[in-house]
Amino acid sequence: MKKLLIDNRYFLIPYLLFLTVVIGFAFFYTKIEMHIWANQINSSLLDQFFKYATHLGDGSAIAVLAVIFLFVKYRYALAFLAGSLITSGIVHLFKQLLLEDMYRPSKYFELFETHKLYLVEGVVLRNLQSFPSGHTSTAFNVFLMLAFITKNNYLKLGYLFIALLVAYSRVYLSQHFFIDIAAGSFIATVIMLLVYYWSLHWDRKWVEFNVRTKTSATE
């Protein structure tokens, strides 16, 4: 595990910094105050960018990447699918059973706050199941897995940047609060780390194969 953490420090250390900042702000400000602050930063260009960037956190991203991994190495595909499914299960446990009545920003401000949110035209807003953010967890599943199989440290940092953009898109679009995206990213990161580490200990030869070859993908 130590080597895995060190090899991916360009993703994990900046991510921990992001998580620390969000948690730090949460100690001094409410999630409502944090959302109002973020909601004031907007433009038509950002509207269009985040409106489409958020789709990188759709569930279809998992299906597409899993298929791509089948052409690289079965180990990657299986580890990615296992980590994503476990993450999804935990996220949905919170969203649909434990905290299903938690309001999303647009509904919360509609009911309890006098502040009028800036909303992006054309975005369908959901009312409940705010915590944690499913799109964020999906994005971190996808881009952390890509970081695992990438040797270039700057690419690892780039993957984190994209994952954070997807996460922030959920706040920008008023689909989630900051605490929602922090929780979603944390669940995905921990689960994917554990599952990928476990996958490194699979000693079956076939996991090194891919759909294109009958021999090991490392040969």
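## Helix α8

In this predicted model, helix α8 is mostly covered, with 14 of its 15 residues buried. From its first C-alpha to its last, α8 reaches 21 Å, close to the 21 Å expected at 1.5 Å a residue.

## Packing of α8 against α5

Helix α5 (residues 60–70) and helix α8 (residues 134–148) have axes that come within 10 Å and cross at roughly 20°. An angle under 35 degrees counts as roughly parallel, and α5 is therefore roughly parallel to α8. The crossing in which α5 passes α8 is left-handed.

On the α5 side, the contact is made by Ala61, Ile62, Leu65 and Phe69, and on the α8 side by Thr138, Val142, Met145 and Leu146. Sorted by class, this contact of α5 with α8 comprises seven nonpolar residues, one polar residue and no charged residues. An α-helix has 3.6 residues a turn, so residues three or four places apart point the same way.

## Packing of α8 against α10

The axes of α8 and helix α10 (residues 178–199) lie 8 Å apart, and the two helices pack at an angle of about 35°. Their crossing is right-handed. From α8, the contact involves Thr136, Ser137, Phe140, Asn141, Leu144, Met145 and Phe148; from α10, it involves Ile181, Gly184, Ser185, Ala188, Thr189, Met192, Leu193 and Tyr196. By class, the contact of α8 with α10 holds nine nonpolar and six polar residues, and no charged residues. Met145 of α8 is one of the residues in contact with α5 and is also among those in contact with α10.

Helix α10 is mostly covered as well, since 16 of its 22 residues are buried. The end C-alpha atoms of α10 are 31 Å apart, which agrees with the 32 Å that its 22 residues should span at 1.5 Å a residue.

## Loop between α7 and α8

Pro132 lies in the loop between α7 (105–112) and α8. The peptide bond leading from Phe131 to Pro132 is cis, with omega near -10°.

Gln129 also lies in the loop between α7 and α8. Its phi is near 60°, a positive value in a residue other than glycine. Gln129 counts as buried because its relative accessibility is 17%, and the cut-off for burial is under 20%.

## Loop between α9 and α10

Ser174 is located in the loop between α9 (153–172) and α10. The phi of Ser174 is near 60°, again a positive value in a residue other than glycine. With a relative accessible area of 0%, Ser174 is buried.

Methods:
Residues numbered from 1 in each chain as written. Predicted model: local features only at pLDDT ≥ 70, side-chain atom pairs only at ≥ 80, totals over all residues. Heavy atoms only, no water. Axes fitted to C-alpha atoms, helices over the stretch in contact; angles between N-to-C directions. Helix = DSSP H or I, 4+ residues; strand = E, 2+ residues; numbered from the N terminus. Parallel < 35°, antiparallel > 145°, perpendicular 65-115°, else oblique. Left-handed = near helix turned anticlockwise from the far one by under 90°. Contact = heavy atoms within 4.5 Å. Nonpolar A, V, L, I, M, F, W, Y, C, P; charged D, E, K, R; others polar. Expected span 1.5 Å × (residues − 1). Buried < 20%, exposed > 50% of the residue type's maximum accessible area, 1.4 Å probe, protein only.
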